[in-house]
There are 4 protein chains.
Amino acid sequence: MIRIGVIGYGYWGPNLVRNFAECAGATVTAVCDAREERLAQVRRRYPSVAVTTSAAELCARPDVDAVVIATPVDRHFELGMAALRAGKHVLVEKPMASTSDEASRLIDEAAARRLVLMVDHTFVYTGAVRKMREMTDAGELGDIYYYDSVRINLGLFQHDVNVLWDLAVHDLAIMDYVLKERPVAVSATGLAHVPGRPQNIAYMTMFFQNSLIAHVHVNWLSPVKVRRTLLGGSRRMVVFDDLEASEKIKVYDRGISLNPSPENVYQMLIGYRTGDMYAPQLALTEALNVEASHFVDCVSRGAAPLTGGEAGLRVVRLLEAASESMADQGRLVSLGSPVHS
Amino acid sequence: MIRIGVIGYGYWGPNLVRNFAECAGATVTAVCDAREERLAQVRRRYPSVAVTTSAAELCARPDVDAVVIATPVDRHFELGMAALRAGKHVLVEKPMASTSDEASRLIDEAAARRLVLMVDHTFVYTGAVRKMREMTDAGELGDIYYYDSVRINLGLFQHDVNVLWDLAVHDLAIMDYVLKERPVAVSATGLAHVPGRPQNIAYMTMFFQNSLIAHVHVNWLSPVKVRRTLLGGSRRMVVFDDLEASEKIKVYDRGISLNPSPENVYQMLIGYRTGDMYAPQLALTEALNVEASHFVDCVSRGAAPLTGGEAGLRVVRLLEAASESMADQGRLVSLGSPVHS
Amino acid sequence: MIRIGVIGYGYWGPNLVRNFAECAGATVTAVCDAREERLAQVRRRYPSVAVTTSAAELCARPDVDAVVIATPVDRHFELGMAALRAGKHVLVEKPMASTSDEASRLIDEAAARRLVLMVDHTFVYTGAVRKMREMTDAGELGDIYYYDSVRINLGLFQHDVNVLWDLAVHDLAIMDYVLKERPVAVSATGLAHVPGRPQNIAYMTMFFQNSLIAHVHVNWLSPVKVRRTLLGGSRRMVVFDDLEASEKIKVYDRGISLNPSPENVYQMLIGYRTGDMYAPQLALTEALNVEASHFVDCVSRGAAPLTGGEAGLRVVRLLEAASESMADQGRLVSLGSPVHS
Amino acid sequence: MIRIGVIGYGYWGPNLVRNFAECAGATVTAVCDAREERLAQVRRRYPSVAVTTSAAELCARPDVDAVVIATPVDRHFELGMAALRAGKHVLVEKPMASTSDEASRLIDEAAARRLVLMVDHTFVYTGAVRKMREMTDAGELGDIYYYDSVRINLGLFQHDVNVLWDLAVHDLAIMDYVLKERPVAVSATGLAHVPGRPQNIAYMTMFFQNSLIAHVHVNWLSPVKVRRTLLGGSRRMVVFDDLEASEKIKVYDRGISLNPSPENVYQMLIGYRTGDMYAPQLALTEALNVEASHFVDCVSRGAAPLTGGEAGLRVVRLLEAASESMADQGRLVSLGSPVHS
């Protein structure tokens, strides 16, 4: 039985507590939050769980094997470090940390102590994204031509991070899992409409070494909610619409076919294909349920998680590079040597 | 009665001929196309219209007052010049020309000869775009925060121009009409998936002097067709979905409200508004019908068209700048002193 | 503080318990279910709530002021009667009872004992239905021409009641609240595709004394889920789509206008109107939350609920009549003297 | 070369003329309409086609081999009879005639003269309906459980026929082609909202000898346009949405599975299946183009058309029976011995 302590009982924390509480092989023993009224709610719902306003106290508890961190991003490093140093396994919200340096140090600390360090890239545990990975693994889509995502809504303007860190982080986590290639350079643009606040609208292009391009479009100030990702391949193309109730993934047998021209082998003749579409049945289990089980399993077996510290670091590096580019109106920012996957 | 000669009877030409044929105050007297089988079709449908394979011959006809040019873009300059020099008024397909230099020379020639020069920015003549202009004119949307457009489908890969010149041109024409501000710099990214062909996927950000940002996303290799434009303002926001049968324009009473913080006047408190949505009834007349009448009217009265050479030139300058930026992976390209509107 | 006992902790019971637990002025003191594993779940979530497998025991508890009944319909009468006889106020799931006779007897019992008897017509407490009622109250729609509802999905085949009692009951409850008129006759058709089971597909037409017609279409065997109600009036028309995330109610300024013909005053000339559409912002509070508060308020003040026993009886009478008609392939069944509203 | 004369150049006539004009093996030689301004339009578009206001004259022309009738339904019989008696093959708009007696007499006349008599059941020639037929032919859907169609919009109120004859006729034609079974009885309800006009809203249930039920819902007074047909089978289910641009047909691998209960062989255990959905690529040729070719082919070869007089008669019989039932508020009307198919 893995005993879980959760730090942060705001928006996402209650979902984490509920899922670990219902997860076989785990039990939630303690919850920490600075706000008394949040702890009162924990007490009402889970009378047997210990509550505290002190993260240090939670980390020190002998009845906690693993710490789940669901606080604002600027506290991830400090709390993650404290938990690891107390010998606890860690599951931390995305994005993993405020800087890639912080992320690297968390990775090193966990490695040195042989503790599990996992990042809550929730989408990786959805039926839809796993189906996309299945298809890229099997080569079902052919060569991947583009990843294109729109993730917009009327959302909370955050104080500390720009909209890329809040919304694009989902796409970077999905891409990290679904695509075999890693971006080599980034160009991003965006704007802050409220003086003194970070950018609330942003566009981010990622370049790769081969013929793949990725683009993510995020906005906190859209009148309509859109969650639509296109994954275009040479053989098939996928539309992932997360707002669809029952057909989140549609696979289109559409695209172009290239044939060398009879006159000029360097010239390609382009043909168009339009064929059937199909929407595969997806696993319906709640992503967080799958993810909680996976974390518990990794802790139990000492195994490396699907979304470990390295994945978290790659995503943070992209966010850093994009923010740098955006501050300079789209200037290309190279990602240096790709992080080993 | 204005007598019209049309050069180019391919994809768009038949629509132009049909609309001018049905336009009060106009008559189509001649059609030119290099392909005999296209001319045969003109003969079947319009037995009284003269046909020719020679553009020079058409321009020389005394029974032609105005020439409509619906050829590939690389012939717009040469044919427009020939028509103007023959003393004919000109309506030319978008984009107006292959370069801004060509566009400027067409403007100068028309001005010197006091002839009407109009560019076929069709969307400007739709009920939806006119409604958007009405709203920006009346200040109904408040300050404009962003223009964001997605224009993607499985489309013909063109040989000569990249996807911006084919699809983004529509958005640049709409923006030129609807927005009061002009872009001052551009950053664009994109990729060509077929060796030897122009970019088939592209993303284009435009910066302005004030707190407005514009982005256009175009793609010839999408499995689904999307035509959706968001116009976000401080008071209201518009969604223009051109694929909607009956509610192309939706106006949302949504957004944020800013109040100076009581403690710190430089710090803004953000409130959220979500209110009603309404979809105004739009004029249903075919855009090309409205546009043909407008051209005939301008020719008759010697008036300046809504989408004259200057508008065409501004759009071409943006396409040039974006192509330059895209070739250099998003490098910011300044638009110099804004073209006078 | 009104103390609530809940009988039945299956599909709907947990929602009732949760909403009464969070309702100001109420507290849940006891839950009854025949299944031990269901009670175990109550214990985990609400350690302070008493649990029992005996409904009689729950009804007898002195710390229960009101009983909420969320069992299969065939037990509503017996349990409702037991609770009323024990002096408890009652909130009973829809449909109120298996027969109109049972419903009448519950009404009489509650009246004799001056206890509140309310039926859980949940939709009446949604923002969407209340908005519809507001519009009919204000005469905004003009004369009501039709109510037309499609409520289909791949749903559980029930053993004891046909699909009308499971799904059409929602529409009958909505109509009872929104329309001023009461049906005078019913014709229904349907079919059972599984031998020995009740009808799983049904169509029900209701006639009124004036120029209004209502139709409800329900199906447990549809591959897609549809929840769409049209309310057509002489001035405006409403589409209520319950699956829309944010625009559940759309009001169309569309219809016909009738003018006496100049030649023949008995002949009407028909004109068509198509105007704007608007989607009003709706109250977002969960319906069951509103409903729980309303029940608590009625019990506290001894007031008559919005959806009291008479409304429940009217709905049951319609279900009886429709089932009778359906058994006879659409034979018209009169509703006799309308139940007083 | 089959020479075609068209009677009626109102709403649908121009489509017929255009399609026969472009159909290989056919030529349009004459058009008849009582309105001079309609004939003027024919002259402008087709200068070589003879025009006349006299149907008798058109039928008498020796350069007409076949007559296409596109007039209001009350003239179908008289004009069809005149054309057949003049020795012309006939293609007549749907519904075939005003009464089944008229339809029968047209069939007899055509048979006696060995002339082709075809009814314009246009939907039968669409890619979508042909795909549905392919699936029922191949048994891909299993046993057919229901046909359910909604066909509503804000449409022209007709003077002479009720909404069933205008809109439901499409579904009856589709069912006649797609289903192997024929209805044995009908129950219909509806209402006229304009005094002195036929019913503008109607609901029609059809019963069959086996476990199949069909329902058609039509309305001229709907604020929104819906064209959606469900075809539910024991193995698969189809949704045909004619307003979808590219995925008109969706096939769902969903439904129930029945197993005899272990305890009671007469009791069925119901299991639910939800699987993939696919949208097959459909033929894109315009239905009227396919239909015109088919008519020309039948005339050339003396073959029986897919939608001949017998199909037209079956549809008229259903419309008669439904109108009779509707006049009597849903009274069941038997269809007598099924017409031989």
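This is a predicted model: local features need pLDDT of at least 70, side-chain atom pairs count only at pLDDT 80 or more; totals for chains, interfaces and linings use all residues.

User: Why does Gly275(C) count as buried?

Analyst: Buried means under 20% relative accessible area, and Gly275(C) has 12% relative accessibility, so this residue counts as buried. Gly275(C) is part of strand 14 of chain C, which covers residues 268-279.

User: What is Gly275(C) in contact with, leaving aside its neighbours within four places in sequence?

Analyst: Contact means heavy atoms within 4.5 Å, and with those neighbours left aside Gly275(C) is in contact with Asp253(C), Arg254(C) and Gln281(B). Arg254(C) lies 21 residues apart from Gly275(C) along the chain, and their C-alpha atoms are separated by 5.9 Å.

User: What makes strand 3 and strand 6 of chain C edge strands?

Analyst: In chain C an open sheet of six strands, with parallel pairing, has the order 3-2-1-4-5-6. Strand 3 (50-52) and strand 6 (117-120) of chain C each pair on one side only, and these are the edge strands.

User: How do you know that strand 4 and strand 5 of chain C pair?

Analyst: Two strands pair if there are at least two bridges between them, and strand 4 (residues 66-69) and strand 5 (residues 89-93) of chain C have four bridges, in the parallel sense. Within this pair, Ile69(C) stands opposite Val92(C).

User: How are chain A and chain B related?

Analyst: Chain B is superposed on chain A by a rotation of 180° with 0.0 Å of shift along its axis, at an RMSD of 0.0 Å. The two copies are therefore related as by a two-fold rotation axis.

Note on methods:
Residues are numbered from 1 along each chain as its sequence is written. Chains are lettered from A and ligands numbered from 1 in the order in which they are written. Side-chain values use heavy atoms; hydrogens and water are left out. Copies are superposed by least squares on the C-alpha atoms of residues with pLDDT of at least 70 in both. Helices (H or I, at least four residues) and strands (E, at least two) are DSSP runs, numbered from the N terminus. Buried means under 20% relative accessible area, exposed over 50%, partly exposed in between (1.4 Å probe, protein chains only).
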